[in-house]
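Welcome! Take a moment to look over the structure shown here, and then we can walk through a few parts of it together.

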Amino acid sequence: MELKDMKVFIDPGHGGSDPGATAGTTQEKNITLYVAKKLQSILSSWGVPTKMTRTGDTFVDTTEIAGISNNWGADIFVSIHCNAGGGNGGTETFTKRSYTDLDNDLAKRIQSRLVTAFDSINRGVKRTNWNVLVGNNACCCLTELLFMDVSTDISKLRDSEKLDSAALAIANGLNSYVFANFHNV
Ligand SMILES: [Zn+2]
């Protein structure tokens, strides 16, 4: 199987009445949507079926998102967020606490490529039980691109070329994950 044989669900964090983290006029919800749309555009150009939690500035309850992805029959789920409150900043990617080897592999591949794309501090792959991952049937992860409240990080989050390269990094991570694990399936 190839990536185009997989259904990829993209979850841009926050939206509508929930801006997520903010830095002046910069809002997390807009950065996550920008990267998600770019990622969707790259995957579509590769022939990969995708679905997004939202395509505009709307709010979707986080307790419903895993179910929406499950109902669509997603094979892979990626939630995109920006971090805050982390001291030196950097990039980190989460799997659910009940992660499988595949969840872990997906997270590692996306994490390493984002660190390269952003030239950021590598905070590694971590575990969490956030709503969008718990009960999610897809191979799933949640990535925190960079920190909204760290000056070196926010300048990258305000740079559309950096965000474009982050979207490509996630797409390449997905492609690498499928090639490594499903090449002979
Ligand atoms: Zn967030």
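Helices here are DSSP runs of H or I with at least four residues, strands are E runs with at least two, and both are numbered from the N terminus. Before going on, please note that this is a predicted model, where local features need pLDDT of at least 70, side-chain atom pairs count only at pLDDT 80 or more, and totals for chains, interfaces and linings use all residues. Residues are numbered from 1 along each chain as its sequence is written.

Helix 3 covers residues 101-118 and helix 5 covers residues 160-182; their axes come within 8 Å and cross at roughly 145°. Those axes are lines fitted to C-alpha atoms over the stretch in contact, with angles running from 0 to 180 degrees between N-to-C directions. Among the residues that meet are Leu102, Leu106 and Arg109 from helix 3, and Ala166, Ile170 and Tyr177 from helix 5. Contact here requires C-beta atoms, placed from the backbone, to lie within 7 Å.

## Leu174 in helix 5

Leu174 is part of helix 5. Is this residue buried or exposed? Leu174 counts as buried because 25 C-beta neighbours lie inside 10 Å; the cut-offs are 20 or more other C-beta atoms within 10 Å for buried, 12 or fewer for exposed, and partly exposed in between.

Leaving aside residues up to four places away in sequence, Leu174 touches Leu3, Val8 and Ile76. Arg109 is 65 residues away along the chain, yet its C-alpha atom and that of Leu174 are separated by 7.6 Å.

## An enclosed strand

Ile76 also brings us to strand 5, where it is the bridge partner of Val8. Eight of the eight residues of this strand (residues 76-83) are buried, so strand 5 is largely enclosed by the rest of the structure. Ile76, Val78, Ile80 and Cys82 point one way, while Phe77, Ser79, His81 and Asn83 point the other way.

Strand 5 runs parallel to strand 1 (residues 8-12), joined by five bridges. Strand 5 also pairs with strand 8 (residues 139-147) in the parallel sense, over seven bridges; pairing requires at least two DSSP bridges. His81 stands opposite Glu144 in strand 8.

## An exposed loop residue

Gly24 sits in the loop between strand 2 (22-23) and strand 3 (26-27). Gly24 is exposed because it has 8 other C-beta atoms within 10 Å.

How values were computed:
Contact = placed C-beta atoms within 7 Å.
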